[in-house]
Amino acid sequence: MFRTFRGGQSGGWRVTSVSPVTGEPLPFMPALSVNDSDAVSLPLVPSRNAWRLVGVASTLRYTERAEKQKLTAVQAGLGRMEATCAALIPIRKSQAWWELTQDERRKIFEDRSHHIASSLRFLPAIARQLYHCRDLGEPFDFLTWFEFAPAHASLFEELVAMLRRTEEWTYVEREVDVRVVKEVLSA
């Protein structure tokens with residue numbers, strides 16, 4: 001199942017900001033749509049009025065069984081009614097990261113950066129899903145999607161600040177932070 005994030009003129013989420021953290025930005029678009037599909041059709045002509053990022057949820061790559069059990073026990077699912085704030089954070093890591101072996105990346109990811117252990121305290125307030133896109137020819141390696149209630153916005157800021165201070169993040173060469181709020185239709 002592919003998940004497509006499309007920045008454009010309409011969508012279920014209103015874009016509040018698009019901030020380049022590292023590397024090239026994405027153009028600001030007023031809305032974001034999020035769709036799932038079994039296949040992805042390529043645009044025939046690139047659009048100046050939209051951008052599109054595609055990823056796929058995959059198996060957990062650097063997570064050990066005990067960590068997976070802890071995550072499963074406390075994480076919330078996407079789509080909760082109260083989670084009207086979200087962030088799409090596409091990330092591309094450097095070639096140096098990909099030249100490391102999987103066990104070397106695991107040591108940086110968890111043994112030294114404590115990505116999972118440190119993130120557990122932010123669950124279930126913040127729901128998250130990682131989408132892989134490196135092998136799809138996309139401009140990013142990962143699309144990280146977070147959903148949270150407005151009351152947890154400062155907690156989310158704490159989470160991303162913590163992750164960006166880790167050794168793991170020294171390998172990030174492109175990161176864009178797209179913040180959105182759920183569009184509410186009035187009756």
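A: Of the contacts in the chain with a separation of 6 or more, 77% are between residues 24 or more positions apart; a contact here means heavy atoms within 4.5 Å. Please keep in mind that this is a predicted model, where local features need pLDDT of at least 70 and side-chain atom pairs count only at pLDDT 80 or more, while totals for chains, interfaces and linings use all residues. Residues are numbered from 1 along each chain as its sequence is written, and side-chain values use heavy atoms, with hydrogens and water left out.

The chain holds five helices and eight strands, arranged along the sequence as β-β-β-β-α-β-α-α-α-β-β-α-β. Both kinds of element are DSSP runs numbered from the N terminus: helices are H or I with at least four residues, and strands are E with at least two. Along its principal axes, the C-alpha trace spans about 50 × 35 × 30 Å. The radius of gyration of the chain is 16 Å, which agrees with the value near 16 Å for a compact globule of 187 residues. That radius is taken over C-alpha atoms, and the globule rule is 2.2 Å times the number of residues to the power 0.38.

Rolling a probe the size of a water molecule over the atoms shows where empty space is left. The largest pocket contains about 830 Å³ of space. Its lining has 35 residues, and Leu60, Phe109, His115, Arg128 and Leu130 are the closest to the centre. On a 1 Å grid over the protein atoms alone, a pocket is an open set of points with protein on both sides within 12 Å along at least five of seven lines, whereas a cavity is a set where a 1.4 Å probe fits but cannot get out; lining residues have an atom within 4 Å of a point. Points are joined across faces, edges and corners, and the volume is the space filled by probe spheres set on them.

Which elements each supply at least two residues of this lining? They are helix H1 (65–74), strand S5 (85–93), helix H4 (115–119), strand S6 (126–132), strand S7 (142–148) and helix H5 (153–164). S6 gives the most, with five residues. Sorted by class, the lining has 18 nonpolar, ten polar and seven charged residues. In this count Ala, Val, Leu, Ile, Met, Phe, Trp, Tyr, Cys and Pro are nonpolar, Asp, Glu, Lys and Arg are charged, and the others, Gly among them, are polar.

Ala73 belongs to helix H1 and counts as exposed because its relative accessibility is 64%. Buried means under 20% relative accessible area, exposed over 50%, and partly exposed in between, with a 1.4 Å probe and protein chains only. Most residues other than glycine have a negative phi, and most peptide bonds are trans. His114, in the loop between helix H3 (102–112) and H4, has a positive phi near 55°. His114 is partly exposed, since its relative accessible area is 37%. In the loop between H4 and S6 sits Pro124, and the peptide bond from Leu123 to Pro124 is cis, with omega near 5°.

S5 and S8 pair in the antiparallel sense over seven bridges; strands pair if DSSP finds at least two bridges between them. Ile91 has Glu175 as its bridge partner in S8. Strand S8 (residues 172–182) is mostly covered, with nine of its eleven residues buried. Strand S2 (residues 13–22) also runs antiparallel to S8, joined to it by eight bridges. Thr22 has Glu175 as its partner in S8, and Trp13 has Lys182. Trp13 also stands opposite Leu32 in S3, where two bridges join S2 and S3 in the antiparallel sense.

For the chain as a whole, buried residues make up 43% of the 187 residues.
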